[in-house]
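Here are some notes for a colleague who is opening this structure for the first time. Please keep the sequence and the model in view while reading the points below.

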Amino acid sequence: MYYGDDILEDVRSRTDIVDLIGTYVSLKRAGGSYKGLCPFHNEKTPSFTVTPDKRMYYCFGCHKGGDVFTFLQEYENMTFTESVQYLAERAGIQLPTQDMDPDRRRKESLRDTLFKVNSLAAQYYFACLRDPKGKEGLDYLSGRGLDEETMKKFALGFAPQNSSLYRFLKSKGFTDEVLKPSGLFVYDEKRGPYDKFWNRVMFPIVDRRNHVIGFGGRVMGDGKPKYMNSPETIVFDKSRNLFGINYIHGKLTDGLILCEGYMDVIALHQAGFTNAVAALGTAFTPGHAQLIKRMTDLVYVCFDSDGAGTSAAMKAIPMLKNEGIRSKVIRMSPHKDPDEFIKALGADEFKLRIKNSLTSFFFEVDVIARDYDLDDPERKTRFMNEIAKKICEFEDEAERTNYIEAFSREYHVRSEDFRALVRKQSAQMVGIDLDERAKRSEHRRGIPEDDALSESQGILLTWLCEHPDSFEKLRTYVSVDDFIDEPYHEVARYVYEQLLSTGKVDAASILGHFEDVEMQSKVAGIFHKEVDEDGAKDRAINEVVHVILKASLDKKSRNATGIEEVQKLLEEKKKLQQLHIDI
C-alpha cells in the first residue's frame with residue numbers, strides 16, 4: 001500500500017522511538033539521548049544511540065541509523081509497508097485503503113508471490129514423500145527414527161530426480177520472472193531451467209509468521225553437497241531466522257536449546273524438547289543472538305561434540321553474552337550430536353545432561369586448557385593469565401569474585417594469587433580502552449580532504465538541527481548550494497526549507513524522504529555528528545564553515561569560464577581567509 005506523508009508522519013509521531021527500540025535493546029539514558037549495545041553488530045562498548053528529540057537512532061560503530069520504520073525493516077526484516085501497518089496497529093491508527101505506487105506494488109507483489117511459491121513447493125515436496133518416487137526419502141526418515149506425526153509437524157518432503165517442481169509451478173501459472181528469484185531453480189543457457197533440489201529429503205524453513213521462506217535438502221546416497229540450502233532471497237535472510245522458530249511462542253523462562261542441524265531439532269522435538277532451534281546452514285551470527293534475545297535470556301548450546309562443533313560453540317557464546325543472554329553447554333559425549341544421543345540414551349538422560357550442563361565460562365575454560373600443559377609451571381601461569389582476561393569481562397564485581405573462587409577451587413590455585421592476576425589484567429585492559437579513546441578524540445586530524453568535507457557538511461547540518469537559533473546568521477555565509485556532495489546537498493535543502501518555514505528541524509521527517517535503507521543510515525549519520533562545545537564551539541563551527549566554503553569555491557573555480565568570474569572567486573577566497581563567525 002502507498003501511504004501519504006501526512007499518514008506516515010502521524011504514525012511516526014505517535015510511536016515513541018525509545019519505547020519501541022527499548023523492547024529490543026537495553027537502553028540507558030545519557031543526557032538527552034539513550035545508549036545501548038547495537039543490535040546490528042557485535043560490540044562490547046555501547047555505540048548505539050536513540051535520540052527522542054530527533055526521533056532517530058544511529059550507531060557510531062556500524063553506521064546504521066534511521067527512524068521507527070527503518071528499525072523494523074532492518075531488525076524484523078519487514079517491508080516498509082509492513083512496518084507502517086505494524087506501528088499503526090500498535091498506535092491504534094486506522095490506515096486508509098489506497099493504491100500502491102508502481103514500484104512498491106511490484107516489490108510487495110513479488111514478496112507475496114514468493115510466499116505462495118514456497119508454500120506450494122512445500123506442499124508438492126510433502127506429497128512426493130508419500131508417492132512411490134519418494135520411497136527412498138521416506139525410508140531414510142523412518143530409518144532415522146522419525147514417526148509420521150513428526151514428519152507431518154515439520155512438513156518434511158522429498159524432491160524427485162527430475163525437474164518436476166518447475167513443471168508443477170508453471171502449470172499453476174507462475175512465470176519465470178517470479179520463479180527465478182525464488183531460489184528454487186537453476187537457469188542454465190544450454191539446459192534451460194531445472195530444479196535446484198533433486199533426490200533430496202526436504203526441510204521447509206518457516207518464519208515466525210508461518211511463511212515458508214526457504215528449504216534445506218539432504219541428499220540421498222553419497223552425492224555432494226550432503227546438505228544444500230536455499231540461497232538468500234527477498235523473503236529469506238539466513239542470519240535473521242532459525243529452523244524451528246515457528247514453534248517458539250512467548251518468552252521462554254526455561255531457556256532455548258540451540259543446535260547445529262535440522263535433524264537435531266526434529267529429533268529433540270519428537271523427544272519432547274520443543275524449545276530446540278538451529279541456525280540455517282550458516283555459522284551462528286549476532287543477528288541470530290539478537291533474534292534469540294527476544295525469546296529468552298538463557299540458551300543451552302548443544303552443538304556437535306567434535307572439533308568443529310566445539311569451535312562453533314566458542315564463537316557463539318560471546319555473541320550470546322553480548323546480548324545479555326546466559327549460556328550453558330550440554331555435553332553430548334560419547335555421542336556426536338543430539339540426534340544420536342536421543343536415539344542411544346533417550347529423553348530422560350538428555351534431561352540430566354541439561355541439568356548438569358556447564359556454564360559457558362567453564363566450558364570455555366575447559367577448551368582453553370587443552371592448549372596448555374598444566375603440569376608445566378610456566379604454561380600454567382600463561383593459562384591463568386588468559387582465564388583472568390575472561391573474568392575481567394564480567395561487569396558485576398560479585399560475579400567476578402564467584403568465578404575467581406570457583407576457578408581457583410577447580411584448578412587448585414591460590415585464590416589470592418589468581419585475584420591479583422585478574423586485577424593486573426583489568427588494569428591493562430583499562431589502559432587499552434583509554435588509549436583507544438584518546439585516538440578517537442583526535443578531531444579530524446589526518447583525515448583525507450574528501451572525508452573532511454563530508455565530516456564538515458555533516459557537522460554543520462547537525463549543528464543547525466540542534467541549534468536552529470544560529471540559522472539566520474549562518475545562512476548569510478553558507479547557502480544550500482555550498483553543500484556540494486550528496487546526500488548532504490539534498491538534506492541541506494530540506495533543513496533550510498524547514499528552518500525558513502517553521503524555525504526548527506524535524507530530522508525524522510527529512511529521513512522519510514529517502515526510501516533506500518542504506519541511504520537512510522547515511523542521513524541518520526549526518527544528523528549525529530559531534531561538535532566540541534566545551535568552550536570551543538566558535539572555533540569548531542568556523543572550521544567546518546571554512547572547509548565547506550573552500551570546497552564550494554574550488555568547485556566554482558573549476559567550472560568558471562570568464563575572467564570576471566574567476567577574479568570574483570579569487571576575491572571571495574581572500575575574504576574566506578579572514579572570515580570569522582561569532583556563534
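This is a predicted model: local features need pLDDT of at least 70, side-chain atom pairs count only at pLDDT 80 or more; totals for chains, interfaces and linings use all residues.

1. The crossing of helix 12 and helix 14 is left-handed.

2. On the side of helix 12, the contact is made by Thr-310, Ala-313, Met-314, Ile-317 and Pro-318, while helix 14 contributes Ser-360, Phe-363, Glu-364, Val-367 and Ile-368. Sorted by class, this contact of helix 12 with helix 14 holds seven nonpolar, two polar and one charged residues.

3. When neighbours within four places in sequence are left aside, Asn-322 is in contact with Leu-37, Asn-42, Glu-43 and Lys-44.

4. Turning to aromatic rings, a search of the whole structure finds 33 aromatic pairs. In one of them, Phe-203 and Tyr-262, the ring centres are 5.1 Å apart and the planes stand at 10 degrees, so the pair is stacked. Phe-203 belongs to strand 9 (residues 200-206) and Tyr-262 to helix 10 (residues 262-270), so that the pair ties together parts that are 59 residues apart in sequence.

5. How accessible are the two partners of this pair, Phe-203 and Tyr-262? Phe-203 has 0% relative accessibility and therefore counts as buried, and Tyr-262, at 5% relative accessibility, counts as buried as well. Both residues take part in an aromatic cluster, which is formed by Phe-154, Phe-203, Tyr-227, Phe-243, Tyr-247 and Tyr-262.

6. Helix 10, which carries Tyr-262, also packs with helix 13 (residues 338-355), at an angle of about 25 degrees and with the axes 10 Å apart. Because angles under 35 degrees count as roughly parallel, helix 10 and helix 13 are described as roughly parallel to each other. Their crossing is right-handed.

7. The contact between these two helices is made by Met-263, Asp-264, Ala-267 and Leu-268 of helix 10 together with Pro-338, Asp-339, Ile-342 and Phe-350 of helix 13. The residues of this contact of helix 10 with helix 13 divide into six nonpolar, no polar and two charged.

Definitions and conventions:
Residues are numbered from 1 along each chain as its sequence is written. Side-chain values use heavy atoms; hydrogens and water are left out. A crossing is left-handed if the near helix is turned anticlockwise from the far one by less than a right angle, and right-handed if clockwise. Helices (H or I, at least four residues) and strands (E, at least two) are DSSP runs, numbered from the N terminus. Contact means heavy atoms within 4.5 Å. Ala, Val, Leu, Ile, Met, Phe, Trp, Tyr, Cys and Pro count as nonpolar, Asp, Glu, Lys and Arg as charged, and the others, Gly among them, as polar. Rings of Phe, Tyr and Trp (its six-membered ring) pair if their centres lie within 6.5 Å; planes under 30 degrees apart count as stacked, over 60 as edge-to-face and the rest as tilted. Buried means under 20% relative accessible area, exposed over 50%, partly exposed in between (1.4 Å probe, protein chains only). Axes are lines fitted to C-alpha atoms, for helices over the stretch in contact, and angles run from 0 to 180 degrees between N-to-C directions. Angles under 35 degrees count as roughly parallel, over 145 as roughly antiparallel, 65 to 115 as roughly perpendicular and the rest as oblique.
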